[in-house]
2 protein chains.
Amino acid sequence: MTETTPNPGRKSPLHDFLAPDSIAIVGASADPTKRGYKAMVGLIKDGYQGAIYPINPKTDMVLGVKTYPSLEAVPGDIALALICTPAASIPGLMQECGRKGVKGAVILASGFRETGPAGAQLEQQVLDAARAGKVRIIGPNTSGMFNLHKKVNLLALTNIKAGDIGFISQSGNMLLSLVLEAENNGHVGFSTYVGPGNQTDIGFNDYLRYLGEDDNTRVATLYVEGFRDGQRFLQVAREITSKKPVVVYKSGSTELGKKAASSHTGALAGSFAMTMDLLRQVGVSVVYHSDEILPVAEGLGLMQKARGKRVAVISDGGGQATIATDRLSEAGLELAELTDATRQRLKDILLPQASLANPVDVAGSSDANPALLAECMKIVAADDNVDAVFLVGMFGGYHTRFAEHLLGDEMRGAEAMIELARHNDKPLVIYSLYAPVKPPALRRLHEAGVPVYGSIEHAVRVLAALGERGIYLQHQARQSAHPAIEPSAEMQAMFSRAQNEGRDLFEYEAKALLRAHGISVAPESIAHSADELAAVAATYGDQALAMKVVSKDILHKSDAGGVKLNLRGADALRTAFDKIMTSAKAYAPDADIRGVLVTPMAAKGTEVIVGVVRDPIFGPVLMFGLGGIFVEILEDVAFRAIPLSRHDAESMVDQIKGSKILQGVRGAAPVDKPALVELLLKVSSIVAAYPQVSELDLNPVLAYADGYAVVDARIITNRSVMN
Amino acid sequence: MTETTPNPGRKSPLHDFLAPDSIAIVGASADPTKRGYKAMVGLIKDGYQGAIYPINPKTDMVLGVKTYPSLEAVPGDIALALICTPAASIPGLMQECGRKGVKGAVILASGFRETGPAGAQLEQQVLDAARAGKVRIIGPNTSGMFNLHKKVNLLALTNIKAGDIGFISQSGNMLLSLVLEAENNGHVGFSTYVGPGNQTDIGFNDYLRYLGEDDNTRVATLYVEGFRDGQRFLQVAREITSKKPVVVYKSGSTELGKKAASSHTGALAGSFAMTMDLLRQVGVSVVYHSDEILPVAEGLGLMQKARGKRVAVISDGGGQATIATDRLSEAGLELAELTDATRQRLKDILLPQASLANPVDVAGSSDANPALLAECMKIVAADDNVDAVFLVGMFGGYHTRFAEHLLGDEMRGAEAMIELARHNDKPLVIYSLYAPVKPPALRRLHEAGVPVYGSIEHAVRVLAALGERGIYLQHQARQSAHPAIEPSAEMQAMFSRAQNEGRDLFEYEAKALLRAHGISVAPESIAHSADELAAVAATYGDQALAMKVVSKDILHKSDAGGVKLNLRGADALRTAFDKIMTSAKAYAPDADIRGVLVTPMAAKGTEVIVGVVRDPIFGPVLMFGLGGIFVEILEDVAFRAIPLSRHDAESMVDQIKGSKILQGVRGAAPVDKPALVELLLKVSSIVAAYPQVSELDLNPVLAYADGYAVVDARIITNRSVMN
């Protein structure tokens with residue numbers, strides 16, 4: 001059930017059977033309701049050029065093609081086997097595939113892991129047999145696959161075009177839904193589809209690599225209920241998104257949805273918000289509504305990216321410009337500030353009542369001359385302040401709305417827009433209220449690869465995805481990897497001691513680790529007995545001090561009466577020490593108490609939290625947020641997979657809703673953001689360098705106008721990692 | 001520019017001309033590009049049964065209909081005049097309309113208020129002339145109107161059906177957009193459309209009343225850029241929503257959008273979040289995305305309401321059930337808990353692998369028998385725990401997906417669903433991935449008034465609107481109006497004193513007002529000089545006290561050094577008094593200082609804020625929120641128009657994101673919500689009873705496990721209200 005070993009530099013092995021030269025259909029049948037019949041029809045009707053080998057011991061011919069009694073009876077090589085027989089037959093068939101040298105098998109049968117322990121055992125037998133024979137498995141429990149450019153239409157779908165959207169979907173119905181939307185849309189086509197099913201052998205990361213390498217795919221699109229190796233997926237996605245857009249819809253945004261998803265596939269699903277942050281971190285274009293999947297995939301496939309988020313809106317009046325502005329703003333896009341020269345050029349061709357500020361409202365200027373809109377688009381596209389052009393209104397419907405004879409002018413306008421799209425690198429996105437009725441100018445635009453949307457909301461999602469992708473790529477290009485750090489021998493020894501004692505790090509040890517790698521931590525002293533307090537007091541003079549119990553057995557120090565604050569002088573320390581010892585022993589009589597930690601009280605600052613968890617799916621993940629209610633009530637936190645880039649660290653500080661507080665409110669000075677960014681990067685480096693760190697919690701860190709103070713640090717060790 | 005006088009009990013005067021028996025077209029023309037020609041075509045083609053009077057002094061006939069040189073030359077009565085001539089001609093024409101007894105005029109011309117002061121003056125002349133002649137005005141600057149049931153198609157739209165959606169839209173393009181969506185959808189029709197234009201005479205509230213009274217309209221739908229008399233609109237909406245659904249899309253959800261909207265129509269727009277709260281308070285079904293307007297209007301028109309928010313989902317497998325669950329949960333809907341009896345009944349007809357918990361997954365049970373889905377719907381609809389039924393999947397496409405011969409079974413399934421929809425009061429909503437290609441079973445469902453959606457997102461918006469409306473109506477039914485209070489003579493006198501002195505209320509006066517009407521306010525004493533402090537100290541014994549300066553000229557008391565806290569005993573009071581006087585005089589040498597207010601320090605509690613503003617559009621509005629960052633950073637506040645019902649007060653406390661804090665966090669006891677609700681109701685009653693209150697600010701109020709304390713109170717007086 002593990003995923004494939006990474007093998008960077010090599011081409012994905014999936015090409016061998018996802019673009020197969022020969023196909024065997026195990027369970028080929030003359031019964032038209034059977035998958036083994038439908039797949040044959042799909043291959044023959046679409047004109048598949050490779051060899052087709054129906055396997056069926058009970059008949060000589062299926063659909064006029066000679067059958068073979070078994071895979072081994074086939075005279076030629078078999079790249080791909082589509083297996084339509086029930087679960088119990090699969091382990092034996094995998095052995096046979098191995099003997100025959102079949103490269104890949106699509107296993108449709110269900111009745112495996114998703115049904116319980118017996119099914120899981122059967123699935124393991126299937127995997128073992130496949131591994132032994134070097135057969136790769138799609139599924140089991142898959143809806144199947146197609147590769148339309150190779151005319152491998154194993155799903156026998158009709159009314160589907162070959163095109164540039166690659167799709168991997170844990171729901172076969174979601175494929176059908178997109179195919180039907182595309183049929184209605186009339187212009188979107190697909191390259192390769194795979195249903196990963198139980199992901200027994202091949203997982204999302206492998207499929208994504210394949211789509212990334214596939215020349216027929218311009219945008220990789222994924223419907224995911226759960227990842228199995230999220231960490232590997234992030235690595236592959238980071239690589240692929242640098243070459244082409246990757247669109248992901250992830251289900252399970254709510255607890256109820258997660259439950260519904262896991263009863264469906266048994267896939268694990270982490271926190272949705274975290275998953276979204278991590279996918280965006282590696283440049284994935286995330287969509288949140290299922291009806292946005294196809295529009296966003298289409299737009300990214302056609303236009304790939306925008307330089308940034310500054311959109312120029314050209315409208316022919318009406319409320320749609322206002323709606324577009326609301327949606328753009330909600331999506332984090334900006335209205336481009338048009339230059340004076342641009343406004344002058346617009347003024348030269350528009351009526352006096354036109355509004356030249358963005359959104360540009362031509363206010364009737366195009367009523368008798370719709371091609372004028374193309375001129376406006378050209379003018380704003382030439383403006384350096386503009387990253388994308390958004391036409392909003394009734395283009396395509398002028399001849400219906402005003403006068404039949406405007407059709408010619410509309411067609412000329414469409415040609416001018418097509419020309420503009422071809423000869424400039426800024427995306428053109430068109431919303432037309434006439435899109436639902438598909439008038440000629442809009443059909444022409446669509447045919448020529450200029451996308452037209454019938455929903456402002458969808459069009460804006462496309463613009464947002466284009467802008468986000470462009471900005472991501474720029475950051476990637478500028479970015480050098482954050483340098484790794486070397487673990488120190490002293491710290492390794494400290495971990496060894498803790499692990500030998502079967503405990504987590506003490507607070508002072510955790511702080512020592514941080515300090516050893518350049519994180520500012522307040523000084524501290526450890527007193528093992530009351531006798532040492534006088535010396536400790538002398539160290540800090542008249543500073544106010546905090547004292548905390550040191551014991552591996554006391555996790556919640558405050559609850560145990562193990563914390564005393566605002567202490568000054570040796571006498572105060574001694575009284576506090578006695579109280580702490582009494583309370584702690586009362587709280588946990590058997591606790592192994594090693595003494596107390598004494599540290600100067602931190603100055604008041606803004607509480608932030610830095611945490612690290614090792615997510616079972618995505619591996620080490622860093623969390624950042626403001627303390628108190630922001631974390632506890634509002635769950636206002638940002639996540640990034642480790643290691644972080646500088647941009648990751650900066651963007652996570654900016655992402656949280658409470659970032660306004662960090663920028664300074666009610667006249668307070670802003671906190672030292674560069675220092676926080678350094679802190680995040682250092683924590684990331686430490687966790688990357690020390691696999692012994694299982695979880696880390698700096699809570700609170702006090703952020704100041706100048707620097708920060710780590711007030712409390714907790715590190716849970718990974719007991720399974722040996723030094 | 002004022003709106004019509006309310007006249008409850010009387011039928012809306014708009015019926016006289018929105019369902020006119022005779023129509024004059026001023027500016028009727030033989031030029032096919034002119035509105036005066038198109039309107040004639042629309043009337044004649046659609047078969048308008050009333051009299052048509054083209055007005056044009058230059059020709060005898062337009063489209064075969066005899067013309068008249070002027071309105072006054074027309075022999076019969078004229079109910080409605082469509083005026084297609086330019087702005088300058090309108091004042092004269094209004095006089096003529098008045099003389100002729102024309103009931104209503106649709107004025108298409110622009111060039112009025114929206115163009116600046118000269119246009120505004122012309123608009124006033126138009127209004128004055130109309131008022132004098134008792135002519136009501138639609139527009140000016142309107143896109144026009146239609147009443148399809150009367151065959152009054154003045155917009156000459158083709159491919160549009162008479163139906164039950166009434167639509168009022170400040171954007172003519174938005175009408176076109178809905179009409180084109182409806183054309184594509186094939187089953188939605190419209191009753192009356194009006195573009196209110198500049199709302200010079202008739203505003204949204206009047207149109208809404210008309211649609212509320214119109215028997216052909218089952219759902220009133222509004223696209224609003226700005227209200228002119230929001231307070232009146234809320235009154236009318238409250239009345240109409242009790243009879244039929246009212247759907248509102250309001251543009252300007254963002255600052256940029258608001259700017260774009262106001263440059264378009266010049267309409268004022270208040271805070272978007274406030275507007276949404278107030279619309280929902282009166283039962284309006286608010287939509288946030290423009291592409292949801294038609295689906296939600298259609299669904300509410302057909303099904304009116306659900307009893308509640310508990311939805312049963314029936315799915316035929318695949319990811320759509322998961323997506324539906326995510327969206328339902330995000331929309332605040334619930335998955336109904338099916339009874340054991342219901343599950344047993346499902347079990348009896350489904351395959352063993354079916355999932356009987358909600359969402360119900362038939363897991364292949366319907367593959368050879370799609371009508372089974374109708375049986376499942378019937379079973380869950382009979383469950384008392386279920387308020388609405390949501391079918392999700394590929395119904396309608398079984399004969400395409402599996403076998404042609406399933407078409408008959410699908411049609412039988414559709415009939416069974418139609419039957420179920422007719423004979424049970426729970427909404428049935430269907431999402432089918434085949435909706436885009438309109439297969440026969442889905443066409444049949446749609447024809448019979450069972451709505452089918454091609455977007456899960458839109459279907460869920462419909463379910464949410466149905467549930468919210470049902471719950472609203474239940475609250476309305478249970479609700480008695482919160483009793484009004486009588487203003488007291490003493491308090492009236494206090495306001496008079498303040499107004500005579502041209503000032504707002506002092507804090508102690510504001511608190512006296514609150515106290516006079518039953519709000520708990522801590523006791524306080526006023527010391528006009530240091531001599532009175534000993535007596536004050538004696539009153540409070542050893543309680544810790546706060547002292548604040550009393551001066552109409554010092555608004556920000558803390559900044560002026562005018563607040564001292566934690567004072568105990570006469571000496572401390574005296575020292576504090578001297579310091580306050582010194583600081584306050586230094587801060588504002590000319591200030592009129594009346595002394596100090598002394599009050600016991602409030603115990604620690606949860607800070608909340610209660611505020612009242614008089615909004616220029618919506619009148620007095622109460623705001624509630626948590627103090628500090630919740631208000632300042634997160635803008636996490638709720639609004640209700642005054643007067644509030646008990647449900648209003650309760651729901652606004654629950655609505656804020658910070659309500660979790662009021663419920664108690666980290667082991668803290670929950671605050672006394674009933675006491676807060678009483679406080680809100682009392683503040684509402686006070687503001688309703690005293691028009692002298694312009695703004696009110698209780699900040700902070702400390703909420704406790706038992707009761708609350710108003711710590712600071714500020715009341716800004718309305719200087720224009722005389723006692």
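Domain bounds here come from an automatic or database domain assignment. With that in mind, the C-alpha centres of domain 3 of chain A and domain 4 of chain A lie 64 Å apart. Welcome to a predicted model, in which local features need pLDDT of at least 70, side-chain atom pairs count only at pLDDT 80 or more, and totals for chains, interfaces and linings use all residues. Residues are numbered from 1 along each chain as its sequence is written, while chains are lettered from A and ligands numbered from 1 in the order in which they are written.

**Domains**
- Chain A is divided into domain 1 (6–141), domain 2 (148–304), domain 3 (305–478), domain 4 (489–600) and domain 5 (606–717).

**Symmetry**
- Chain A is superposed on chain B by a rotation of 180 degrees with 0.0 Å of shift along its axis (RMSD 0.1 Å), using least squares on the C-alpha atoms of residues with pLDDT of at least 70 in both copies.
- This is the relation of a two-fold axis.
- Both copies use the same surface, as 100% of the contact residues of chain A recur in chain B; contact means that C-beta atoms, placed from the backbone, lie within 7 Å.

**Interface**
- On chain A, 61 residues are in contact with 61 residues of chain B.
- The side of chain A that touches chain B divides into 24 nonpolar residues (Ala, Val, Leu, Ile, Met, Phe, Trp, Tyr, Cys and Pro), 10 charged (Asp, Glu, Lys and Arg) and 27 polar (the others, Gly among them).

- Leaving aside neighbours within four places in sequence, B:Phe390 is in contact with residues including B:Val311, B:Ala324 and B:Leu463.

Technical notes. Contact = placed C-beta atoms within 7 Å.
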